[in-house]
Structures are given as structure tokens and as C-alpha cells.
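I looked up the overall build, some loops, the aromatic rings and a pocket.

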Amino acid sequence: MSEHHKFRYLLPPGNNFAFVTKFKAWLMFSILAMAASVGVLFVNKSVRGDYMNWTIDFKGGSEIIVAFNDKATGAYTKVDPAKVRETLEQGEKGTEVSDMSWSAEEAKTKKDVTVNGMIIRTTRTSALKPEVEKAALDDFNTTFKDNQVSKAVWSGDRLSVRSKKPITWSEAKAVFDKHNLLLKPWSDAEQKLYERADEGTGDINQWYGMEGLGREYKDRLEKAFPGAAVTVVNSYLVSAKAGDKLRNDAAKAIVYAIFLIMLYLAFRFDIRYAPGAAFATVHDAIMVIGVFAVTWTEVSLTSVAGLLTVMGFSVNDTVIVFDRVRENQAKLKDKKIERIIDISINEMLVRTILTSSTVFATTLIMNIFGTGLVKNFAFAMNIGVIVGCYSSIFLAVPFFMWISKKWYSGPAPARRRAAAATTASVASADDEPASDE
């Protein structure tokens, strides 16, 4: 006698939920939710000054790389990134901190070692106050008017100067000292470069860098880590123009992804399936963007990566549902398309729930315990898994059903009308009495 094993089912076998009858209601709800998501963007623009909470990737800002040395031994050391982030975010939002490692020669041992530093990214472009910048610039132009200065403009913590006669570092330092600005020394290469005039115009181009954000962050971190000496390895500015280009490229990547998804489905199945999957993908992208806009969560390139991953996840789920619909169309030729769709979704429902729940649980842990860019990516995935699971059933399939019923079921409308007219004429002819001859 064989032993029967009892299995636990998420849903009982043979479940028969009616999905098709609810398609219209869910479709209307989705359209309203998409409209609300787009509306929130314009509300943010009018209230907060921008559509979304862009980070340095899209808005411009500064990137500063720092290393930590043990004050007692002088050796490179590693500190807790969470504490660095907490220190820099006190009174200043929008600062990103990530681990970064590179090889460098240690001062005492003269050996190459791995340096575990940090890269700090902030939307701030300067530590200088606007009034200090203006006063220093006016003083600079007045002091060196005999040097024929044709341009002197601030770019973050650096002053770009174009003149006919060179201005030495010590001469410039005397001016900046009056405004409590600490001028960075020139390297030998910079010194030689700034002494030469342009062969075409005869102009001399010089840069004067101040101890700005790098110095400010160095002081704050050394207070937070008393046993460590902080070294600013590199500091550079990310322009707003570059941020705009990245933002445009991100939008293009989303559009190209949707187009390629439609192309793939048109070849993988047939053209009936592509519009539904494209609409579902657009819905998922808009809903994720809407949640980011409502919660004013930071949007970075990592968020865009999360959004593209969501689109791929959604399409994968949609393809699996479509594949079951196509299989059942071949097996259940005697049933209407509505019934075939209900059967197919019910057969794939448990698989869809389990797959989506697994991904959601994983990214939820990343969202709860992660920090920085990891948390940003996980948040996009959390929202995307929910809307992607929903759109695969309640948005992609209804479009397929509507196209199938309108253009792929039965003869064409013109042929249907002609056939009906022929049937009617034959019937009326049969009803006429036969004439007596």
C-alpha cells in the first residue's frame, strides 16, 4: 500500500478566479494612478522647485575622495562608512558616501598597499558663501587691473582667470588671505603651465583653487574620528550640464528598452502580444517614478538601474503568462478567448506570487538594512516588483484579449456583413411561394 504525502499549497489546486470580468475596473484604476503619478511631478515642480529629488548624477555637484591614516602609526586604516555618512549628513541632506579602494605606496614601509577610502558625493559645488565670493572677486579685479584681466569667474571652489600678464601664486594669495580664503599651492607642472601664454590669443589661463569642501569635510571627519588623519586625495566638480546629459540619456535608455521589448515580443510570439507588454512596462516605469516623486526619494543613476531592472522583471513575468495563454489556445480550441485567459492566469498565479514574493523579500531586506546607493536600488525594486506583478495580469493580458477579439477572431467585418447579407437574401428567397405555371 503506497503512502500518500500531504503537501501544503499556497492556493488549492484547481482554483478558478474570474480575472477577465475585472479587467475594465483595474484598467481604469491604472490609468488614474498613472495620471496621478504624472501630476505629482508638476506639483513638486511648483512646490519644491524641481520635478524629482535629483542627486549629483543629474543635478551637478562635487565628488571628493578621502583616505584615512592612523595617527599613531601613519598606516592607512578603514573606518565605518555608516558613521562617515551620519557625520556628513548632520544638517546637510543629499550626501552620498561609498567605499572606494585603490593601491598606493605607504610612507613608512615604501610598499604598495590597498587603501580603503571613501568617495563623498554632494550637490554642493562650493564651501564659499556667495558674498565672500563676490567680495574676493571684486578685490582681485581691482588689484590686478594692470594685468589686463579679461575673465575671472568662480567654478565651485576654484577661480578661473584669463589675463594678458601672468599673476603669481604669491600675489594672488595675498588678495585671498584678506578674505580668509586659503589658496592651494600650485604644483611644479601647474607653475610651468601658467607661465606660458596661448600661442593664438596671447592670453594666460590660470586656476586658483581654494581649500573648500574638501577642507570642510576633512575637519568634520577628523572630529568624528579622533584617532584618524584624513587626507583629501582628489576633489572635482560635476557640472550641471553633464547632469542634464545623464538625465536625457537615462530617459533615452528607458524608451529604447520599451521599443526593444515590443520588438522581442513581436518576434517571440506575434504582434498581438507586443502592445500589452509595452503598456504594462510604461505603467511600471511611471508608477515607480510616481512613488519616488511622492516620497521625495533621491533619484540617482542607481535608481535608473533599478527602474530598468524592474522593467526586465515585469516583462519576464508577462512573457511567462503569455506563453501559457498561447499553449492553451492550441489545446483549448473549443473555448472562447476569455475562458482561455482565465484558465491560463489561474494556472500561473501561484508561480507568479512565489517568484514576486521571493524577489520582494530579498530587496526588502536590502532596503531595510542597506544604506546609500544600495538602499536606493532596493527601494525601486520593492515598488517595481509590486506593480510589475500587477501589470502582468491586469494590464498586459487585457490588451492582448482586446486585440485578439477585434482583429483575430472570426472573419473580417466586411466579410461578416457580406455573409450576413447573403444569408438573409437566401432566406427571403426560400420564403417566397412558388409560381403556378
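The model is predicted, so local features need pLDDT of at least 70 and side-chain atom pairs count only at pLDDT 80 or more, while totals for chains, interfaces and linings use all residues. Residues are numbered from 1 along each chain as its sequence is written, and side-chain values use heavy atoms, with hydrogens and water left out.

**Entry 1. Overall build**

I looked up the secondary structure and found 14 helices and 10 strands in the protein. Helices (H or I, at least four residues) and strands (E, at least two) are DSSP runs, numbered from the N terminus. The protein has 437 residues, and buried ones make up 40% of them. I then turned to contacts, where contact means heavy atoms within 4.5 Å. Taking contacts between residues at least 6 apart in sequence, I noted that 73% join residues at least 24 apart.

**Entry 2. Positive phi**

Asn-180 is not a glycine, yet its phi is positive, near 60 degrees. Asn-180 sits in the loop between helix H5 (169–177) and H6. Is Asn-180 buried or exposed? Asn-180 counts as exposed because its relative accessibility is 74%.

Gln-148, also not a glycine, has a positive phi of about 55 degrees. I placed Gln-148 in the loop between helix H4 (130–143) and strand E6 (149–155). Its relative accessible area is 44%, so Gln-148 is partly exposed.

Ala-172 is in helix H5 and is buried, with a relative accessible area of 0%. Which residues does Ala-172 contact, leaving aside neighbours within four places in sequence? I listed Phe-140, Phe-144, Ile-167, Leu-183 and Tyr-208. For Leu-183, 11 residues from Ala-172 along the chain, the C-alpha atoms of the two are separated by 8.3 Å.

Pro-398 is in helix H13 (residues 396–407), and at 8% relative accessibility Pro-398 counts as buried. Not counting residues up to four places away in sequence, Pro-398 touches Phe-23 and Ile-393. I also noted Leu-27, which is 371 residues from Pro-398 along the chain, with the two C-alpha atoms separated by 8.3 Å.

Ser-300 lies in the loop between strand E10 (298–299) and helix H10 (301–331). Ser-300 is buried, at 1% relative accessible area. Apart from neighbours within four places in sequence, Ser-300 is in contact with Thr-55, Asp-57, Phe-58, Glu-96, Leu-373 and Asn-376.

**Entry 3. Aromatic rings**

I used this rule: rings of Phe, Tyr and Trp (its six-membered ring) pair if their centres lie within 6.5 Å, and planes under 30 degrees apart count as stacked, over 60 as edge-to-face and the rest as tilted. A search of the whole structure finds 21 aromatic pairs. In one of them, the ring centres of Tyr-273 and Phe-322 are 4.9 Å apart and the planes are at 65 degrees, so the pair is edge-to-face. This pair links distant parts of the chain, 49 residues apart: Tyr-273 is in the loop between helix H8 (240–268) and helix H9 (274–295), and Phe-322 is in helix H10. Both Tyr-273 and Phe-322 are buried.

I also found one aromatic cluster formed by Phe-140, Phe-144, Trp-154, Phe-176, Trp-186, Tyr-194 and Tyr-208. Phe-140, Phe-144 and Tyr-208 are among the contacts of Ala-172 as well.

Next came charges over rings: NZ of Lys or CZ of Arg has to be within 6 Å of the ring centre and within 35 degrees of the ring normal. The charged end of Lys-83 sits over the ring of Phe-225, 5.1 Å from its centre. Arg-158 lies over the face of Trp-207, 4.2 Å from the ring centre.

**Entry 4. Largest pocket**

On a 1 Å grid over the protein atoms alone, a pocket is an open set of points where a 1.4 Å probe fits, with protein on both sides within 12 Å along at least five of seven lines; lining residues have an atom within 4 Å of a point. Grid points are joined across faces, edges and corners, and a volume is the space filled by probe spheres set on the points. The largest pocket has a volume of about 540 Å³. Which of its 26 lining residues are the closest to the centre? They are Arg-158, Lys-184, Gly-209, Ser-235 and Tyr-236.

Helix H6 (188–195), strand E8 (204–209), helix H7 (213–224) and strand E9 (228–238) each supply at least two lining residues. E9 gives the largest share, 6 residues.

Definitions and conventions. Buried < 20%, exposed > 50% of the residue type's maximum accessible area, 1.4 Å probe, protein only.
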